[in-house]
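Please open the model in your viewer and keep the sequence panel beside it. The stops below say what to select next and what is there.

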Amino acid sequence: MLVKTDGQGLYEFTREVESLVAQSGLKEGLCTLFVRHTSCSLIIQENADPSAKRDLENWMSRLVPEEDSLYTHIYEGADDMPAHIKSVLTATQLSIPFVERGLMLGTWQGIYLWEHRHGAHSREVVVHLA
């Protein structure tokens, strides 16, 4: 599955995963998601109030600033090393159970790809259902 991004931020793709689970023919099991990149990550987060996303993005930017003099991995731009650090602090894999062909997410939970780079990307997320 590809998740297209147009810069830093949280990109929800819950519906796309729900659709894959519903069409799989499996009644129950585990949905494992794995992002094949080192400068973005996966999270489960509130999907009702957009201010939660903004607060997370602002907090992470403050925690891992760009242009830090400690960074030596700078060849791909000021956002590259911070992107790697942010992906280490979050997750590259999620596992979500499903029952009756539906994800067992809570009422306000959504699945997000967190893009940590400024540029647009097509991020590959591997989906495994078992």
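Is Cys 40 buried or exposed, and why? Select Cys 40: it counts as buried because its relative accessibility is 0%, where buried means under 20% relative accessible area and exposed over 50%, with partly exposed in between (1.4 Å probe, protein chains only).

Before moving on, note that this is a predicted model, in which local features need pLDDT of at least 70 and side-chain atom pairs count only at pLDDT 80 or more, while totals for chains, interfaces and linings use all residues. Residues are numbered from 1 along each chain as its sequence is written, and side-chain values use heavy atoms, with hydrogens and water left out.

The structure holds zero disulfides, a disulfide being a pair of cysteine sulfur atoms within 2.5 Å; for Cys 31, the nearest cysteine sulfur is that of Cys 40, 16 Å away.

Now select helix H1, residues 14-23; helices (H or I, at least four residues) and strands (E, at least two) are DSSP runs, numbered from the N terminus. Its buried residues are Thr 14, Val 17 and Val 21. Seen down the axis of H1, these fall within an arc of 70 degrees, so they line one face of the helix, the arc being that of the directions from the helix axis to the C-beta atoms. On the other side of H1, select Arg 15 and Gln 23, which are exposed.

To see what covers the buried residues of H1, show the strands, including S2 (9-12), S3 (29-35) and S5 (93-99), with contact meaning heavy atoms within 4.5 Å. Finish at Gly 25, which follows H1 and has a positive phi, near 85 degrees.
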